Amino acid sequence: MTGVFITFEGPDGAGKDSVLLRVVPALAAHLRVPLVETREPGGARISERIRDLILDPDNTEMDPRTEAILYAASRRQHLVEKIRPALAAGKVVICDRFVDSSIAYQGAGRGIGEAAVAALNDFATEGLKPDLTVYLDVPASVGLARINAHRRDTQYDRLDQETESFHDRVRTAYLKLAAANPQRIKTIDATQALDQVCADTLAVLQQYLVNYWQE
Ligand SMILES: Nc1ncnc2c1ncn2[C@@H]1O[C@H](COP(=O)(O)OP(=O)(O)OP(=O)(O)O)[C@@H](O)[C@H]1O
Ligand SMILES: [Mg+2]
């Protein structure tokens with residue numbers, strides 16, 4: 001692998017979409033190599049079919065481990081079809097959510113256990129880890145309040161039906177991951193105004209990508 005693999009993580013409503021929308025064009029303007037922005041299921045046909053199963057509000061009987069396996073399977077196909085080829089071509093890949101999300105949501109949120117979900121995903125990714133992870137940190141209450149303020153019915157899916165305590169467990173798991181992986185995971189205070197969150201994010205990216213940077 002010769003490229004750089006960067007992921008964005010955070011609880012629901014942390015601002016990943018908002019930050020990526022502003023930061024990716026700014027980053028692309030300064031990079032000497034092509035930038036690929038993606039998110040699971042990433043346009044991979046099989047990944048999308050699996051994702052539809054996971055998010056279907058009718059699938060109320062879905063077992064947590066089934067859900068975790070399906071996420072890992074969807075991720076695997078996206079990785080093989082899109083992420084690995086881009087990295088092999090030397091590109092910078094930015095992915096909205098990756099394995100850390102499964103550890104936080106399925107491992108801690110759904111209570112399967114972080115280590116079990118990490119092991120499952122190790123199999124799916126053959127151990128491929130992001131080079132850098134930007135973690136946008138907000139308390140569950142802040143993220144949920146943002147989402148509820150802007151909610152449209154079409155955005156409603158099965159995972160949104162969870163309580164604040166679920167999202168608290170997710171956030172706590174993210175903080176544990178960040179503490180355990182300080183080299184890889186850079187934490188940004190995402191309760192700040194969006195301008196400041198974007199500025200902090202860009203600073204982290206510029207520092208990490210200094211060898212790829214042009215003014
Ligand atoms: N720093 C911020 N301050 C205030 N509001 C924000 C900030 N960042 C994002 N928002 C608002 O919060 C809502 C959620 O933001 P966004 O969709 O970017 O989050 P996300 O992390 O992508 O969420 P999800 O995990 O649900 O995909 C949006 O309505 C957005 O306008
Ligand atoms: Mg989002």
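This is a predicted model: local features need pLDDT of at least 70, side-chain atom pairs count only at pLDDT 80 or more; totals for chains, interfaces and linings use all residues.

Visitor: Which residues surround ligand 1, and which are closest?

Guide: Begin with a list of neighbours. Here 15 residues surround ligand 1, and the closest are Gly-15, Lys-16, Asp-17, Ser-18 and Gln-192. By class, the shell holds 5 nonpolar, 5 polar and 5 charged residues.

Visitor: What is the distance from an oxygen atom of ligand 1 to the side chain of Lys-16?

Guide: For polar contacts, look at pairs of N or O atoms within 3.5 Å. An N or O atom in the side chain of Lys-16 is 2.6 Å from an oxygen atom of ligand 1. The backbone takes part too: a polar backbone atom of Gly-13 is 3.0 Å from an oxygen atom of the ligand, and a backbone N or O atom of Leu-194 lies 3.3 Å from a nitrogen atom of ligand 1.

Visitor: How much of the accessible area of ligand 1 does the protein cover?

Guide: On its own, ligand 1 has 630 Å² of accessible area, and the protein covers 72% of that. Helix H1 (16–30) and helix H6 (140–150) are the elements that give two or more residues to the shell.

Visitor: Which residues lie nearest the centre of the second largest pocket?

Guide: For a pocket, ask about its space and its lining. The second largest pocket has about 180 Å³ of space. Its lining has 14 residues, with Val-99, Asp-100, Ile-103, Lys-129 and Arg-184 nearest the centre. The lining divides into 7 nonpolar, 3 polar and 4 charged residues.

Visitor: Which helix gives the most to that lining?

Guide: H5 does, with 4 residues. Helix H4 (99–109) and helix H5 (114–125) each supply at least two.

Visitor: How many salt bridges are there?

Guide: The cut-off is 4 Å between a side-chain nitrogen of Lys or Arg and a carboxyl oxygen of Asp or Glu. The count comes to 12 salt bridges. One of them joins Glu-40 and Arg-75, with the closest N and O atoms 2.5 Å apart. This pair links distant parts of the chain, 35 residues apart: Glu-40 is in the loop between strand E2 (35–39) and helix H2 (45–55), and Arg-75 is in helix H3 (residues 64–88).

Visitor: What should I look for in the backbone?

Guide: Look for exceptions. Most residues other than glycine have a negative phi, and most peptide bonds are trans. Here, Glu-40 and Pro-41 are joined by a cis peptide bond, with omega about 10 degrees. Pro-41 is in the loop between E2 and H2.

Visitor: Where is Arg-97 found, and what is its phi?

Guide: Arg-97 is in the loop between strand E3 (92–96) and H4. Its phi is near 75 degrees, a positive value in a residue other than glycine.

Technical notes: Residues are numbered from 1 along each chain as its sequence is written. Chains are lettered from A and ligands numbered from 1 in the order in which they are written. Side-chain values use heavy atoms; hydrogens and water are left out. On a 1 Å grid over the protein atoms alone, a cavity is a set of points where a 1.4 Å probe fits but cannot get out, and a pocket is an open set with protein on both sides within 12 Å along at least five of seven lines; lining residues have an atom within 4 Å of a point. Grid points are joined across faces, edges and corners, and a volume is the space filled by probe spheres set on the points. Ala, Val, Leu, Ile, Met, Phe, Trp, Tyr, Cys and Pro count as nonpolar, Asp, Glu, Lys and Arg as charged, and the others, Gly among them, as polar. A residue is near a molecule or strand if one of its heavy atoms lies within 4 Å of it. A polar contact is a pair of N or O atoms within 3.5 Å; within protein, one must be able to donate a hydrogen and the other to accept it, and residues adjacent in sequence count only if both atoms are side-chain atoms. Accessible areas come from the Shrake-Rupley method with a 1.4 Å probe; for residues, only the protein chains shown count as cover.
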